[in-house]
Structure formats: structure tokens, C-alpha cells
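Me: I have a model open and would like to go through the terms used for it. Could you set each value against its definition for me?

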Amino acid sequence: MFRRVLIANRGEIALRIIRACRELGIETVAVYSEADRESLHVAFADSSVCIGGASPTQSYLNIKNIIAAAEISDADAIHPGYGFLAENATFAKICEECGFTFIGPSPEHIDLMGNKSNAKETMKKLGVPVVPGSDGPIKDAKEALNFAKKIGFPVMIKASAGGGGKGMRMAHNDITFLKNFETAKMEAKNAFGNDEVYIEKLIEDPRHIEIQVFGDGKGKGLHFFERECSIQRRHQKLLEEAPSIAIDDATRKKMGEVSANAIAQLKYKNAGTIEYLLDKHGNFYFMEMNTRIQVEHPITEMITGIDLVKLQLIVAAKGEIPFNQEDIKLNGHAIEFRINAEDPEKFTPSPGLIKAYYIPGGFGVRVDSAAYQDYYIPPFYDSMVAKLIVHGRDRTEAIERGKRCLKEFVVEGVKTTIPLHEKILENHHFIAGNIATDFLDKHFK
């Protein structure tokens, strides 16, 4: 096992990794920007190193400074968390070249799955169902339009190197296609430095379902069931559930087996998430793969009883997964609420001083947060204040527990998404499980 791990991240995920390391007897090194001197991950780590200014480019995206921090702190390994450099193949490669174990997949797999068109072609060859679409990027607008007509409108235009909804445009006819094709290319260029886009058939009223997977890098692949991630704003997840009530046992088994088999064939190592679109008829299609731990990993932990961050550390250190597929059991229902410092109607950021902070507790309740009373939420990073996770014997109990906890949750001084979550839990469409990726647009305009 590792002696000392540097955590190349901040906030609640850095604190989450610190806790997993401590339970495994591993020392931790926190890195922080000048804006994060008073952060809990700095206070809770065994040691800490300032790596630059408040801007992410000066600190959490500064590879040179992070590697220097690992060297001076004599770390064995580096955990990237999620976001920032977590899916940066260059960073993973530099870590390994400098003698640090990167707690994640290989640079090759990060690179492969980081390009959506290449990822789609790879998964297709591995027997994973994919949405009908172009074989790689299409640069010419006329060629792209002809292809869109061939597979039939509506279609999605997507950035090849995209993520987070950037470089993504919908088109229902010739006119909107040509306009949105150029817009998507421009957005992709500005966001990722790469203007390549590809065309995909639009699956109408889809659900966003993802499968948590793990591999040992030698041909063993496991799945940890699915998560329902359909409730989103601006293509960013807001509330997640596990398992999905839209999936029957046969579909659940098939999705899990297809996903685990792909991981095994790839000889993928460590944690990953394969994301799918599920249509009205129960057909599922590969969308993308995230080569890191996910924000919503706690709901999978709650329904399986398995610490996924500890498992990341064990797989990275020992190259093995200490159990098999039949050991992973599904138990109850879990819901995660992302409590963001945002206006709950406009979703504009609301940084500032937290004047009062009280988190809920009780049976089946978990809060992952790095916030506290008198903590100043800086405007430079993601707006997440906390993740509230509830677990129940079934979905009804989880919803009722969520309602109770949201009423107990106190965050004063900044606006948060708590009121929106309360409205969602009272919505009869949500209660009935009638949700899709346009749920908020349909019911909360």
C-alpha cells in the first residue's frame, strides 16, 4: 500500500479522499491555491503545499507546480479526484514519468475515451450499443448536412473533444442544422482548442443512465449497477438516484454485463463510468465514458456498501480487485442532491460568506462537504457547497428522508439549490418516476 498520497484537488472530493486514505493508514498531502488557505482539506491533511494563485490555471491546473509539490512532500502517488486534471492524459503520463503512481486509468485509456468519436468507435467494436452517427468528425458543412439527412432529423451536433454541454447543438431541419453546425464548431474551438464535431441521431425524451465500472488492468472488469442522472440543468447533473426505476432486472443485467465486458476487453484499470442514453422502449446507447471517480459515486456506495475511493487506492497500489461480481449486491435506494451556491431559478453562481451552516443527520443520511460556518465560497471554482445523500429501503422512503433532510439543511449568506430540490421532491412527475433529461425545462421554467 502507498505510504503517502498527494491529492491534486480541492473541496469535498479532496476531503473524501483524505478520509479513505486515513482508514487505509496512508498519509495525505493537500495542495491548495491562495484562495483555499482556510479550506477543510488543507486543515485535515497530514501536510499541505500552496501551489499558486486563485485562478485554476495558476494552481489546480498547474501541472508543474503539482508535480513539484509531490516531489518536495515525498509522495508515492497522486489522486486527481474529479474535474481539473482528473481526465488529462498528459498529467497522468507526467505523473508516471516522474515516479508517482497515478490513481486512475492509464494515459492511453484517458486519451482514448477523452475523444468522443474514438470512444464511440471503440465501444462499438467491443459490442456496446451506440447511437447511430458519423464515423468520426465531419469538417465540411455540406457533407455533415447530407449525413444528417441520411440518419434522419432530429440530430445532435457534438464536439469531439467535448464535455459539460459545450460544443453541443440540436437541429430539427436543414436550416437550423447549418446554423448550429458552425456554432458548435466555434464553441468547441473556444472551449477545447479543437473545432472537430460529429453528428449523432437525437434520442427523444431520453433518460441519462450510467454504469459504475472498475477494472484491474489485467482483464477483470466489474460493474456496480446503474445510476439515474436524468435531472440536469444546462447538461449538468443536479440530482441522481441509484438504482433507476426505469430499468427492469433483465435490462439491468444486460447493461451491467455489456459494460463490465467492455472494461475487461480494454484491460482498463481503476474506476470509470460508462454513460448511456435510454429511450422510451428500453433501448440503451453508449454516450461517453468518464475515466475518473464521479461526483455522484456516493449513491453507488450506499446501495452496494462498497467504498469506491478505497477501492481506487487498492487497485492502484496492488493491481487487483479483492472481490468478484457476485459479491456486489444491490440494497435499497439512494438519492444524491447537489447543494450548489447558485440562484435556484436562474442557476447563476452565488459565492460569498456562509453566515450559518447546519447539516442534517440521522439514519440513512450522509453529507459530503468541505463547507462550514464563516467559510467564504470563492468565485473561482465549482459552486458546489455539499452533496446530501439519503438511503432508504425503497425509493419512497428515500424520497421522504430527502424531504426531511432538505428542511433541516441550513445554509445562510448565499443562495443555494435547496429550494429547487424541495420542489422536485414534491413534483408528481418525479414521484411517479416520469423523468427525462428535459425534466427541469418541462416542469420548472
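Me: Happy to start with Tyr268: where is Tyr268 found?
Reply: Tyr268 sits in the loop between helix H9 (249-266) and S12. Helices (H or I, at least four residues) and strands (E, at least two) are DSSP runs, numbered from the N terminus. A word on the source: this is a predicted model, where local features need pLDDT of at least 70 and side-chain atom pairs count only at pLDDT 80 or more, while totals for chains, interfaces and linings use all residues. Residues are numbered from 1 along each chain as its sequence is written, and side-chain values use heavy atoms, with hydrogens and water left out.

Me: Why is Tyr268 called buried?
Reply: Buried means under 20% relative accessible area, exposed over 50%, and partly exposed in between (1.4 Å probe, protein chains only). Tyr268 has a relative accessible area of 1%, so Tyr268 is buried.

Me: Which residues is Tyr268 in contact with, leaving aside its neighbours within four places in sequence?
Reply: Contact means heavy atoms within 4.5 Å. With those neighbours set aside, the residues in contact with Tyr268 include Pro105, His109, Gly215, Asp216, Met289 and Arg292. The C-alpha atoms of Tyr268 and Ser106 are separated by 7.7 Å, although the two are 162 residues apart along the chain.

Me: What makes Glu200 buried, and where is its place?
Reply: Glu200 belongs to strand S8. Its relative accessible area is 3%, so Glu200 counts as buried. Leaving aside its neighbours within four places in sequence, Glu200 is in contact with residues including Lys120, Val131, Ile151 and Lys158.

Me: What makes Arg3 partly exposed?
Reply: Arg3 has 38% relative accessibility, so Arg3 counts as partly exposed. Arg3 lies in the segment before S1. Leaving aside its neighbours within four places in sequence, Arg3 is in contact with Ile26, Glu27, Asp74 and Asp76. Arg3 and Gly319 are 316 residues apart in sequence and 16 Å apart in space, C-alpha to C-alpha.

Me: Why do the side chains of Asp76 and Arg3 meet in what is called a salt bridge?
Reply: A salt bridge is a side-chain nitrogen of Lys or Arg within 4 Å of a carboxyl oxygen of Asp or Glu. For Asp76 and Arg3 the N to O value is 3.9 Å, and the pair is a salt bridge. Asp76 lies in the loop between helix H3 (63-72) and strand S4 (77-79) and Arg3 in the segment before strand S1 (4-7), so the pair ties together parts that are 73 residues apart in sequence. With 24% relative accessibility, Asp76 is partly exposed.

Me: How many salt bridges does the structure hold?
Reply: The structure holds 38 salt bridges. One of them joins the side chains of Lys280 and Asp205, at 3.6 Å from N to O. Lys280 lies in the loop between strand S12 (269-278) and strand S13 (284-290) and Asp205 in the loop between strand S8 (197-201) and strand S9 (207-216), so this pair ties together parts that are 75 residues apart in sequence.

Me: Why does Lys280 count as exposed, and what does Asp205 count as?
Reply: Lys280 has 60% relative accessibility, so Lys280 is exposed. Asp205 has 34%, so Asp205 counts as partly exposed.

Me: How do you know that Lys237 forms a salt bridge with Glu296?
Reply: The closest N and O atoms of Lys237 and Glu296 are 2.8 Å apart, and the two form a salt bridge. Lys237 lies in strand S11 (residues 236-242) and Glu296 in the loop between S13 and helix H10 (297-304), so the pair ties together parts that are 59 residues apart in sequence. Lys237 is buried at a relative accessible area of 11%, and Glu296 is buried at 1%. Salt bridges that share partners join Glu210, Arg227, Lys237, Glu240, Glu275, Glu296 and Arg338 into one network.

Me: Finally, what makes the protein chain as compact as a globular protein of that length?
Reply: The protein chain has 15 helices and 20 strands. Its radius of gyration is 21 Å, close to the 22 Å that the globule rule gives for 445 residues, so the chain is as compact as a globular protein of that length. The radius is taken over C-alpha atoms, and the rule is 2.2 Å times the number of residues to the power 0.38. Buried residues make up 60% of the 445 residues.
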